[in-house]
Amino acid sequence: MYEFAERVSTWMARICGVALLLSVAMIAVEVVSRKLLGISLINADEVAGYILAITVTWGCSLAIVRRAHVRIDILHAQLPRPGQAVLDLLALISMFAFAIFLAWFATGLFENSWRTGAVSNSQMQVPRWIPHGLWAAGLWVFGAVTAILIAETIRALLRRDLTSAHAIAGVRGAQEETDAEIRDAQERR
C-alpha cells in the first residue's frame, strides 16, 4: 500500500508542477500584454490563485510520504527510539485528523457551490465547483495517504520493526536529507 500511496502522490505532484508552469506562462503573457498592448488578455491572477490553492492540497500527499512536512523535533530527539516511534505515530494521527477536517470543510464548500451554481466574480465566470472540487479532492487524497502511512507504521510497530516505522513516519535527519538529495540527483541523470 505504501508504494501505491507514493505513486499516486508522485503523479499528483507532477500534475502540480505542470499546472504551476502553465500558471507562470499565463502570468508572463499577462504582464507582457499589459505592458506592450495596454490590455489584459486573460485573468491570469484568478487562474493562478486557483492553481496555487489546488497544488498546495495536491502536494501535501507527496510531502507526507517523503516526510517533508515541517516538524519541531526538540523533544523527539531526546527520546529513545520507541518513544520517537510513538511521537511519530501521534504526528501522523494528528495530520490525518487535520486533513479530514479540512477535507470535510472543502467538500461542504464544493457542495454549496455546486448546488447554488456559484461562479467567480470576474469576467471569466468560472464555476466555483471546479476549483473547490479539485481542492477538496487533494485534501481527501492527503487524508487517505496519511491513513495508509498510519496503517503501515502500526504494522511495523507491531512487528517491533522500529527502523521501518522510522522510514515511514520518522523525522528525517540531516544525513538522511543529504542521502535523499544525492539519490534524487543521481536518478535525474
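Analyst: Start with the lining of the largest pocket, whose residues divide into four nonpolar, one polar and eleven charged. Here nonpolar means Ala, Val, Leu, Ile, Met, Phe, Trp, Tyr, Cys and Pro, charged means Asp, Glu, Lys and Arg, and the others, Gly among them, are polar. The model is predicted, so local features need pLDDT of at least 70 and side-chain atom pairs 80 or more, while totals for chains, interfaces and linings use all residues. Residues are numbered from 1 along each chain as its sequence is written, and side-chain values use heavy atoms, without hydrogens or water.

The largest pocket has a volume of about 480 Å³. It is lined by 16 residues, and those closest to its centre are Arg-66, Arg-172, Ala-180, Arg-183 and Asp-184. (A pocket is an open set of points on a 1 Å grid where a 1.4 Å probe fits, with protein on both sides within 12 Å along at least five of seven lines; lining residues have an atom within 4 Å of a point. The volume is the space filled by probe spheres set on the points, which are joined across faces, edges and corners.)

Two helices, α1 (2-37) and α7 (174-188), each supply at least two residues of this lining. Of these, α7 gives the most to the lining, with seven residues. (A helix is a DSSP run of H or I of at least four residues, numbered from the N terminus.)

The helices α2 (44-65), α4 (81-116) and α6 (162-169) each supply at least two of the residues. The largest share, three residues, comes from α4.

For α1 and α2, the angle is about 160° and the axes are 8 Å apart. That makes α1 roughly antiparallel to α2. (Axes are lines fitted to C-alpha atoms over the stretch in contact, with angles from 0 to 180 degrees between N-to-C directions; over 145 counts as roughly antiparallel.) The contact of α1 with α2 has 17 nonpolar, six polar and two charged residues.

(The expected span is 1.5 Å times one less than the number of residues.) Just after α5, Arg-160 takes a positive phi of about 60°.

The helix α6, which also supplies residues to the second pocket, packs with α5 at an angle of about 165°, with axes 8 Å apart. So α5 and α6 are roughly antiparallel to each other.

Note on methods
Angles under 35 degrees count as roughly parallel, over 145 as roughly antiparallel, 65 to 115 as roughly perpendicular and the rest as oblique.
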